[in-house]
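Okay, thanks for coming, everyone.

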Amino acid sequence: MTSIRIASDRALLVEVEGTALDDATRMCDAIDRAAIDGVVELVPAACTVLVRFDPEVVEAPALAVALAAVEPSPASERDARSVVLPVRYDGDDLDAVANALGMSREAVVDRHASTTWTVAFMGFAPGFGYLAPEGPWPEMPRRATPRTRIPAGSVALAGTFSAVYPRASPGGWQLIGRTDATLWDLDRDPVSTLAPGVTVRFQPSTHIVAAPAPAARSAIAHGPIEVVRAGIQLLVQDEGRPGLAAMGVTASGVADRTAMHRANAAVGNAQEAAVLECLGDAALRAHAPLVAAVSGAEVDMSVHASDGQRRVRTDEPFPLDPGDELRLGTTTRGLRSVVAVRGGIAVPPVLGSRATDTLAGLGPEPLAVGDRVPVGDARTGRPVQPVPPSARELPAAGDVVTLDVVLGPRADWLTPSGMTTLLGQEWLVSARSDRVGIRLEGAEPLDRVDGELQSEGAVTGGLQVPPDGQPVLLLPDRPLTGGYPVVAAVVDGQLDVVGQLPPGTRVRLRVGEGARA
Amino acid sequence: MRVLVVADDASTARLARACRFEGLEVAVGPSPATCDAETVTAALEAEAADALLVHGVSLERRLELARATEAMPTTWIGASASCLEALAAPSALSALAARAGVEVAGAPPTDARRIEVVVACGGHAPDVVLGDVDRSARRRDDWIVEESPAPSLDARVRATLHSAALAVASGVGAMGVASIAFHVDAAGVVALVAVDPDALAGHPALESAIGIDLVRARLRMRGSASTDAEPRDERHAIAMRIHAEDADRGFLPSPGAIERLQAPGGPGVRWDAAAAQGDAVTVGATGLATITAVGGDRDEALALVNEALREVDVRGPATTLPLLRRLVGDRAFATATHAVRTDWVESELMDAGEPQPRATGDALVRTVVEVDGRPVTLAVPTSLLGEREALAAIGAAIAAHDAE
């Protein structure tokens, strides 16, 4: 028996009511095989499958009916590979784990190494698999305080899952050992060792001395755009990496898609060509003749050249000659500027995209002073578009912005008074915001039900409610799955505005027409 | 008769000349950007004009003006309101194409030529095809090269185009000089693209090839006089538009002052200026001039236009001259097989050369303001200043003028 919840105006959440750990993965297989028109991406998790869809192809009610008719596959028919990972069992938490389980260190190691594990789903980070044990396994609580840095290759336990950290990251799992196996390698096929369905056995070893070296991210050194000032954050962005949930990869991508499309149209690029996304007062110097355009935030900007200074206006293409410097100044409305250059930003793509995913660490490093950014072939076949489309009105600090939301999938985790608070009060966009999420602050915290939710697929625009009741509005670099209940999601058509909310803006949430479940 | 002319600056000069040749007085009306019925009616009264000639104005606006003049003693020199109304209907093109027995053009095909057929439609005399022009060399879906007659066109295709154009013109009830645009694909299939029932000042190559001034021909058709627009010559002409744009930066406009604008000369070369030395190029107005070369055959026209392009000298803004010089020497254009298609300029020629240095001089925009009832011209540098500063500078200049 399954139930289907609304996750956003472009996603449904299929909740699988079963006890076996592979119920959700078997359901995910079955939905995949049903090949329902309009389904864009499936994100399986512990007990759920998030189904993202294209509303121009299929409407939510019709999709829900189709999904309700899907029966889970009798057995998972996914990736049948099995891998053996050598482990040196010397983790910092091994004694704590042994104590908690009332076992000796040796017994813990023996049990971990003699169990066959299966990747139930991917999440948290690229290449990170949630490994479910075959047979019963004792529940292991997470550490009370997460570590800020866990080395790559760490083998860990939490709940009834085991996992290997593919790269160094913060985390709250209990560390029992380490492996030198490389679980994530962009130059290998498959990139990710783990994928849903893969079985894993751990082989005790004493030879491991070093964690796998992180793959070097390519230097940005020879292009015609020199970063003179990087502002607060200067990133390469494009449409991101949708459809890679099976590798544990979030879509990421530009925060304001309309700005990217406008800037690219102005310089005559394909609308999805890679651009620079700037937060703050970046400055860029040209080392070749270029054509550029800036869209997005309302910024005081100009080109400084040897013969003087020229004003630049939003959405209008302009020339840059060698030595010219484009300087972005004070932002008066919106938050992020998008700089397109004719030919597109040409850093090497990673998994089909040039975007930097700041949380997952995919794509180029954030750009720094002195970087020389490469540009693609200017022979785009499209002329520039000199006359800009009509201007957009973006929010400024102090403005009140009304955002349309769809309730769900976990709106029932709010008490009736919590729901009144959500839709009734103004929420302040705090300065503690980045490309992962915007921390909203309200006078009254949201009153929510206590409890632990199993990790489940999340959407950009989702409003996640941690126990303190101050919600986080998820942005493109959000985690693939999350463990806090998402009670509502901003509609897709307003995500560009969400990407342009400066700190100090106030937000009102409104349930859009026909958006209630 | 006194004619109020509503057109951009360059076309106004051309239309006014034709009016004077036909013995008509001329008054210059409001700009095409601000020519709603109210403004134009006021201008007709203020100028004591009894005829109206508009050019470069949208179909909707022309329809509005044609209707407004119906209730006035003013002579409307242009397609009738009923003709414009028929063209404004959403299914107008498909109905006309069906009548003419051709396809309707969908998305711009990449392997097509664009050929326009110009038809003189009189009241009593039978409609007559004045000629055809090839406008396949385009940027931003606007022609940069016009050639008449269309080179290396299959005789059967030409016959199809001409008879389809006559059918379309009569189907829409055109009265005057109409231009009917078609796409012709690689297989010779003809599709209707657009209908302009008032093709006035926009066909320099055709005019040179057939020896007729289309504006004068149109003016002689007032009332229901016979067309008197039989082609006189059978020559070959090539027209090229020069823009202040850098074709090697995606046709990026190059705003700034025109420091020098030297026209070519000699027999067989016509120069229609759209700007003058000292003017400022703005993003919305990059046209500099059109060169039209006419010869006894295509080779002669090519040689003349080649030499004319060599003689032109523009200083200040970047221009499309480097692209036009490449174009005229390119095999696809210059050889008898003539392989130019609508996407050719943007896919093959654009960005194939070195970008020009961007204009270095400061752009001056001349603004006329009224001070104590007298017009005062102010030159304001815009590239150095934002709009707000420009307005402040205008304010300061007025204050200085007042103080004198």
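Let's start with what's tucked away: of the 517 residues in chain A, 56% count as buried. Keep in mind that this is a predicted model.

So what is chain A built from? There are seven helices in it, along with 31 strands. Its radius of gyration is 24 Å, close to the 24 Å the globule rule gives for 517 residues, so chain A is as compact as a globular protein of that length. If you draw a box around its C-alpha atoms along the principal axes, you get roughly 75 × 55 × 45 Å.

Now, contacts. Take the ones in chain A with a separation of 6 or more: 73% of them are between residues 24 or more positions apart.

On to charges. How many positive and negative side chains does chain A have? The count is 46 positive and 63 negative, and the centres of those two sets lie 4 Å apart. Over all chains, we get 62 salt bridges.

Let me show you a few. In chain A, Arg5(A) and Asp412(A) pair up through their side chains, at 3.1 Å from N to O. That pair links distant parts of the chain, 407 residues apart: Arg5(A) is in strand 1, residues 2–8, while Asp412(A) is in the loop between strand 23 (400–407) and helix 6 (416–424).

Asp399(A) is partly exposed at 25% relative accessibility, and Arg333(A) is partly exposed at 21%.

Over in chain B, the side chains of Arg270(B) and Asp272(B) meet in a salt bridge of 2.7 Å, N to O. Arg270(B) is partly exposed, at 24% relative accessible area.

One last thing, going back to Arg5(A). Which residues share its network? Salt bridges with shared partners join Arg5(A), Glu15(A), Arg410(A), Asp412(A) and Glu456(A) into one network.

Terms used: Residues numbered from 1 in each chain as written. Chains lettered and ligands numbered in written order. Predicted model: local features only at pLDDT ≥ 70, side-chain atom pairs only at ≥ 80, totals over all residues. Heavy atoms only, no water. Helix = DSSP H or I, 4+ residues; strand = E, 2+ residues; numbered from the N terminus. Rg over C-alpha atoms; globule rule 2.2 N^0.38 Å. Buried < 20%, exposed > 50% of the residue type's maximum accessible area, 1.4 Å probe, protein only. Contact = heavy atoms within 4.5 Å. Lys, Arg positive; Asp, Glu negative; His and termini not counted. Charge placed at Lys NZ, Arg CZ, Asp CG, Glu CD. Salt bridge = Lys/Arg side-chain N within 4 Å of Asp/Glu carboxyl O.
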